[in-house]
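Reader: I am new to this structure and would like to know what stands behind the words used for it. Could you take me through them?

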Amino acid sequence: MSDARNQARAVLEGPDIHRALTRIAHEILERTRGAESVVLLGIPTRGATLAHRIAGRIAQFEGIKVPVGAIDVTMYRDDLRLRPARPLGRTELPPDGVDGRTVVLVDDVLYSGRTVRAALDALNDVGRPRAVQLATLVDRGHRELPIRADYVGKNLPTSKSEKVKVFLEETDGRDAVVLIKEDDR
Amino acid sequence: MKRHLISTGDLTRDDALLILDTAEELARVSQRSIKKLPTLRGRTVVNLFFEDSTRTRISFEAAAKRLSADVINFSAKGSSVSKGESLKDTALTLEAMGADAVVIRHSASGAPHRLATWVRGSVVNAGDGTHEHPTQALLDAFSIRRRLGRLEGLKIAVVGDVLHSRVARSNVLLLHTLGAEVTLVAPPTLLPVAVGTWPCQISYDLDAVLPKSDVVMMLRVQLERMNAAYFPSAREYSRRYGLDRDRFARLHDDAIVMHPGPMNRGMEISAEVADSPRSTIVEQVANGVTVRMAVLYLLLGGSEPAIGGAE
C-alpha cells in the first residue's frame, strides 16, 4: 500500500467504517425523532455511496424508508478557476424533493468546509429545506469556514501536508480510510 | 494550450465524450425550476454574428445566461461592421471590452481561426462559411446518444447539400471520432471535391442506404442556391433525395430522423416525417442549449480549458 515516496496508513478498516455508519444512523434517528421527514443527500461520489448505506441501516433498524439522493456541487465550487474545469457528478433528487424537509448532507471527508458551503448553495437552487444537517465519515479538521458536522464517524487529527483517502467497497472494491503522509517534495 | 472550439476535428474521443457526459448532467438542471448555475459569474461571452442566425444565437445566449455569464450580442447589421470595420478591429474592440469568450458566426470559412489568433479569450465557432459548425455536430451526437443509447457502431446517413453544409463536415469528423459509420448521400454536384479524403462512405442512392441506417440526418436545401443549377429542379431533388412517407416506411423500426433546421417542409423532408415521434427535430433545439452550456463550462469554467489538449 505504500510506495517509495508516500507513507500510507489505514486509520479505519472495514469494521470501523461499518460501526461508524451504524452509529451515525442511530444518531440521525435520535436527533430527528425517528428520521421524520428526513432526506439524505450525498455529495458525489463517495458521499452518495455513504448516504445509501446510512439509509439502508435506518431501514434495517426502524423499517423506515428514508428518501436518498445525491447533489453535485462542482458548478458551485469556489476553487473552479484554480484548476481545469472538471467533470460533473450526478445530481439525483428524491421524487418529492427537499422542500420543507430535514436534509442531511453526507460527505466522506470534512476538511476546509468549502465543499459543504458549495453544497448549501446548490441546495438553495433545488428547494427550501426546513433544516440542513451534515454527516461526515471523517472530520480531519483545518476548517476555513464556519461550518461543523452534526454527525461524525471519526475525528481524525491530521496535518495539512497529509492526505485522507476514503475507499469504499462499491467504488473501490474495499472499505478503508487511509492517511497518506507525503514526504518532502 | 488549445482554448478554442473551431473544428470537431480538434476533439479527441475523450474530449468529445467529456462534452457529451457534461451535457448529460446539465440536462437535468434544465428540468428544475431554477435553471441557473453560478459557474461563469463575472465572465463575459460575446456573440459575434456576422450572419443572421436567430436560433444559434439564442441558443448560445441561453446557454451563457444559464451559467450566469454576461452576454453581449453583437450583430453585423447596424454595427460598425456595416461602416466598414475589419474583423480584426472588431476583435480588438471586443478584446478591450474584456470578452472571455467570443462566439462567432461568419460567412467566410476560416474566420474563427483567424479571430483566435487575435484575441486572448476562447473562440467558439458558431458556423463559418461552408467549413464547420462544431456545436451543431455535438448536439446531434448528443441527441443520437440520448435516443439510441450509444454512438459506437451506428450507421448514420447524412443526406443533402453536403457541398454547402458546415453541419455535414463537422458531423462526419465528430461521428467518426465517436465510432459511428457515416454515409453521405447527395447528388454528385452537391459533394465537395475533396470528399474522398473524409472519413466516411459516399452514395448517390438514398433508397439503397435507408434500410441499413440507424439515423437519417437530412440537411437543409439552401433555397438561395437553387438558381445555381446544382440540380435540375426542386421537384426532382425532392423526388430523389427528399425523405417522404414512402421512404420513411423503409427505415427499420428504431431508426430516427434528424434535421438541423430550419426545415423546408415538402422539400428535403415531408411534414409527416418531420412531425413523427421518431423525428428528433424539436429535441435537437433543447439539446442545443445543454450542449453549448457544456462547451462554455469546459472552456471557461476552470483555470484552463478541459478540452482540446495541448496544441
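Author: Gladly! Let's begin with B:Asp21, which is found in helix α1 of chain B. Please keep in mind that this is a predicted model.

Reader: Why does B:Asp21 count as partly exposed?

Author: B:Asp21 has 15 C-beta neighbours inside 10 Å. A buried residue needs 20 or more, and an exposed one has 12 or fewer. The value for B:Asp21 lies in between, so the label is partly exposed. As for its place in the chain, B:Asp21 is 152 residues from B:Leu173 in sequence, and their C-alpha atoms are 19 Å apart in space.

Reader: How do you know that the span of helix α3 of chain A is close to the one expected?

Author: Helix α3 of chain A covers residues 114–126, which makes 13 residues. The rule is 1.5 Å times one less than the number of residues, and this gives an expected 18 Å. From its first C-alpha to its last the helix reaches 19 Å, close to that value.

Reader: Why are the buried residues of α3(A) said to line one face of the helix?

Author: The buried residues are A:Thr115, A:Val116, A:Ala118, A:Ala119, A:Ala122, A:Leu123 and A:Val126. Seen down the axis of α3(A), they fall within an arc of 155°, so they line one face. In general, an α-helix has 3.6 residues a turn, so residues three or four places apart point the same way. Among the elements that cover the buried residues of α3(A) are β4 (102–110) and β5 (131–139) of chain A.

Reader: What does UniProt place at residues 103–115 of chain A?

Author: An unreviewed UniProt entry gives the short sequence motif "PRPP-binding" there. Residues 103–115 of chain A are 62% strand and 15% helix, and their end C-alpha atoms lie 16 Å apart.

Reader: How do you know that the radius of gyration of chain B agrees with that of a compact globule?

Author: For 311 residues, a compact globule would have a radius of gyration near 19 Å; chain B has 19 Å, so the two agree. Of the residues of chain B, 49% count as buried. Its C-alpha trace spans about 55 × 45 × 35 Å along the principal axes, and its secondary structure comes to 11 helices and nine strands.

Reader: How many residues does each chain bring to the contact?

Author: Chain B brings 18 residues and chain A brings 16. On the side of chain B that touches chain A, α1 (13–29) and α11 (281–300) of chain B each supply at least two residues. There α1(B) gives the most, with five residues. By class, that side of chain B has eight nonpolar, five polar and five charged residues.

Terms used
Residues numbered from 1 in each chain as written. Chains lettered and ligands numbered in written order. Predicted model: local features only at pLDDT ≥ 70, side-chain atom pairs only at ≥ 80, totals over all residues. Contact = placed C-beta atoms within 7 Å. Helix = DSSP H or I, 4+ residues; strand = E, 2+ residues; numbered from the N terminus. Nonpolar A, V, L, I, M, F, W, Y, C, P; charged D, E, K, R; others polar. UniProt positions renumbered as here; feature names shortened; annotations may be inferred. Arc of directions from axis to C-beta. Rg over C-alpha atoms; globule rule 2.2 N^0.38 Å.
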